[in-house]
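Subject: Handover of a structure

Dear colleague,

Please find the structure below, together with its sequence.

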Amino acid sequence: MLETYVSAPHLFEHMTMGCLPAEEIAAVRVPNPSLNSKAFTREEGRTDAVKLQKLYNSGYTIRIGNLQRVLPSVARISQGIQTETGYSNYVHAFLTPSGNQGLKHHWDQQMAVIVQLSGAKRWDLWRPPVEAPMRSYNESFRVWRPEFIPTWEAEGPDQRIDLEAGQSLLLPRGWVHNAYVPEGFEASVHLTFAIRERTPLWLMEKLTAGLIEDPEFRRIVLPGQLGTAALAEQLRGTRDALITYLESLDTDALMAAVQAASRTELEYMT
């Protein structure tokens, strides 16, 4: 079980002992904006356990980011996921007091697996308002409209799930979620495994990675070639050269390199 490797008491101990890197900590509470790191750090920039505890006691969710960089046990789980699936991933922990909420309604650019370690959290879910968001394309905060939340709330969630300790929730990419701990629920501690699925665009990047080795693709496009007529010619020529390059590739020979990349690449990619 996951609790063998990381538990709610374990995470609280890290927080209260000041063992967490400040850059991986966030204090969030709806409707307030995320706090500046000075609210929970000392003058030298290290996390201040007393300040963090006070924020938590006053209703703030403490988010501990990238546990796979902090805890070897979580790093092993993260690596295991990528070895088995080919998907890079990262792991955040959320410590939310009873009767409170850290983040407002939003959707994410990756699939997530939510693992409830202790307490319970309510998840109101709506089907994706945009198709297959990824990277900066259709991020919720980039395309946000004021009427989103009132509309969703008026229609009611498509799913409502009270996730209890020991349970997990698979949250597909793009699904709107509003997660909170209702009054009367025990304080919640959960892990979010954010999993970066691979896409045909990712495969295309692997197919074109070798272009840098061809000097024709490294030559200078002169300022005069960026005018309207000349630019059209440049675009057609580059498109044709790209097609020729792609048609010449031995995709069977590329397979081993692409598979290796899927199991080792950790960048923010989908």
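In this message, a contact means heavy atoms within 4.5 Å. Helices (H or I, at least four residues) and strands (E, at least two) are DSSP runs, numbered from the N terminus. The model is predicted: local features need pLDDT of at least 70, side-chain atom pairs count only at pLDDT 80 or more, and totals for chains, interfaces and linings use all residues. Residues are numbered from 1 along each chain as its sequence is written, and side-chain values use heavy atoms, with hydrogens and water left out.

The chain as a whole

The secondary structure consists of seven helices and nine strands. The C-alpha trace spans about 65 × 45 × 40 Å along its principal axes. Of the 270 residues, 43% are buried, where buried means under 20% relative accessible area, exposed over 50%, and partly exposed in between (1.4 Å probe, protein chains only). Among contacts between residues at least 6 apart in sequence, 86% join residues at least 24 apart.

Helix H3

Helix H3 comprises the 14 residues 72–85. The expected span of a helix is 1.5 Å times one less than its number of residues. For H3 this should come to 20 Å, and the end C-alpha atoms are 20 Å apart, which agrees. The buried residues of H3 are Ser 73, Val 74, Ala 75, Ser 78 and Gln 82. An α-helix has 3.6 residues a turn, so residues three or four places apart point the same way. The cover over the buried residues of H3 includes strand E3 (88–96) and helix H7 (251–264). After H3 comes Gly 86, with a positive phi near 85°.

Strand E3

How many of the residues of E3 are buried? Nine of its nine residues are, so defined by the cut-off of under 20% relative accessible area. In a regular strand the side chains alternate between the two faces of the sheet. In E3 both faces are covered: Ser 88, Tyr 90, His 92, Phe 94 and Thr 96 are buried on one side, and Asn 89, Val 91, Ala 93 and Leu 95 on the other.

Two strands are said to pair if DSSP finds at least two bridges between them. Strand E2 (residues 61–64) runs antiparallel to E3 and is joined to it by three bridges; Arg 63 has Phe 94 of E3 as its bridge partner. E3 also pairs with strand E9 (residues 188–196), in the antiparallel sense, over nine bridges. There, Ser 88 stands opposite Arg 196 of E9.

Yours sincerely
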